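Please look over the sequence and the structure before reading on.

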Amino acid sequence: MPSGYWVLIINIPIFIIGYKFVDRDFIILSFIGTISMSLLLILTKDIASYLKVDDIVISTIFGGVLTGIGAGIIFKAGASQGGTDIIAIIIRRKHGIKISTLYFILNGIIAGLGVLITSLKLTLYTLALMYIKSLAIDKAINAFNKKKILLIVTSKEQEVSEAIINRIGRGTTFLYGEGAYTGIKRKIIYCVVTENELHRVKKMIEEIDETALISISDAIDVQGRGFIKPAI
């Protein structure tokens, strides 16, 4: 039986479980994703006759990257391809674990059990593909959603703060600090910006105060006013 039919059949009980734990829109979109994948698996089952890569390493790497990017885009849109994706979303919403980590754990367990019916070599390649795919999922989800935390120490804190608010459109917060050596009390500007805005902010601060100290760090997750709430 073509794999497309198996995908559809196995997903039926998973959708029933998912309907009880996640919202209706997610389930509807995921159902469309599952149907689409099932149909395409059926329609492309003979594609290897026309387009074949004999190197299993290249197939593993590019298969993981391409499917990971696709899955990441789907997750970011608030949907899934069904199957273990739905289970991963249920666990994420309850415990907050990264979707890419859950994807690898859940599918890795299933792939690992495959050693019972396939070879160890094929199982290890499959696990490698799953790992590459989980990395690609993470990159795809965060590709256009990277945030940076700025801590700015400047003698022109009011001017810099107003420039960030008016010219960049981001809010700022004053933290109160004191120089350990100088003993000077000073306002430290705290601000969160997107990666695309970072260069503009740095250049703008330099124009106002070229001696300003800017500390930049990655923000793992940002929610609230001015930032889009993650779909998953």
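At roughly what angle do the axes of H1 and H2 cross?

## Basis

This is a predicted model, in which local features need pLDDT of at least 70, side-chain atom pairs count only at pLDDT 80 or more, and totals for chains, interfaces and linings use all residues. Residues are numbered from 1 along each chain as its sequence is written, and side-chain values use heavy atoms, without hydrogens and water.

## Helices H1 and H2

The axes cross at roughly 170 degrees and come within 8 Å. Axes are lines fitted to C-alpha atoms, for helices over the stretch in contact, with angles from 0 to 180 degrees between N-to-C directions. H1 and H2 are therefore roughly antiparallel (angles over 145 degrees). Helices (H or I, at least four residues) and strands (E, at least two) are DSSP runs, numbered from the N terminus.

Residues of H1 including Ser 3, Leu 8 and Phe 15 meet a set in H2 that includes Phe 31, Ile 35 and Leu 41; contact means heavy atoms within 4.5 Å.

## Strands

S1 (residues 147-153) pairs with S3 (residues 185-194) in the antiparallel sense over seven bridges, where a pair needs at least two DSSP bridges. Val 153 has Ile 188 in S3 as its bridge partner.

S1 also runs antiparallel to S4 (residues 213-219), joined by seven bridges. Here the bridge partner of Lys 147 is Ala 219.

## Lining by helix

H3 (56-76) is one of the helices that supply at least two residues of the lining of the largest pocket. H3 gives the most, nine residues.

Conventions
Parallel < 35°, antiparallel > 145°, perpendicular 65-115°, else oblique.
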